[in-house]
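Reader: I've got a model open and I'd like to learn how to read it. Could you walk me through a few features?

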Amino acid sequence: MTNVFFISDLHLGHKNIVKFEQNRLGYYVDNIDEHDALLEECWHDTVRNKDLVYVLGDVAFNIPALERFALWPGRKILIAGNHDTLKYDYWEIFDRIFGVIAYKDFWLSHCPVHPDEIRGKVNVHGHMHSKTIDDPRYFNVSVEQLQGIPMSLEELKARAL
């Protein structure tokens, strides 16, 4: 059985993310190597090869981190974020790449969409890290909100709809 998951703002290889978001994974990590290893462990504990993961932007900050991410299990779809600008062929890693898409009862985007454009759906997004929008039409799946564990479609539906 194929499961569907969502996560945003992995920031793999981003040395300053552990300074900017000190409680990112629910506890303090000392350095980016520990950060990346913990995210990889969370992913491997959750995602299987046949699963589908929507990564809502800001995957990696250097080529080696992106190449390691390519080896993680699951089929991956990228909703491009503001930091997904590496000069690298993302098509080697992701099955599909979008800016914003509609998926079931949701809009999937990296940054929150304007409220006038939601049109009856819930906006699943990232970008805001530990901050949230106090509006039930928005659901943040940044690493900080999920403590690094990709969220299943079933849990997303239960919490966001």
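Author: Buried means under 20% relative accessible area, exposed over 50%, and partly exposed in between (1.4 Å probe, protein chains only). Helices (H or I, at least four residues) and strands (E, at least two) are DSSP runs, numbered from the N terminus. Keep in mind that this is a predicted model, where local features need pLDDT of at least 70, side-chain atom pairs count only at pLDDT 80 or more, and totals for chains, interfaces and linings use all residues. Residues are numbered from 1 along each chain as its sequence is written, and side-chain values use heavy atoms, with hydrogens and water left out.

Reader: Which are the buried residues of helix 5?

Author: Leu153, Leu156 and Ala160, in a helix that spans residues 153-160. They sit on the same side of helix 5 because they cover an arc of only 60 degrees around the axis, the arc being that of the directions from the helix axis to the C-beta atoms.

Reader: What do the buried residues of helix 5 pack against?

Author: For contact, look for heavy atoms within 4.5 Å. Here the partners include strand 1 (4-7), strand 7 (122-125) and strand 9 (151-152).

Reader: And how many helices and strands does the chain have?

Author: Five helices and nine strands.

Reader: What share of the residues of the chain count as buried?

Author: Of its 161 residues, 51% do.
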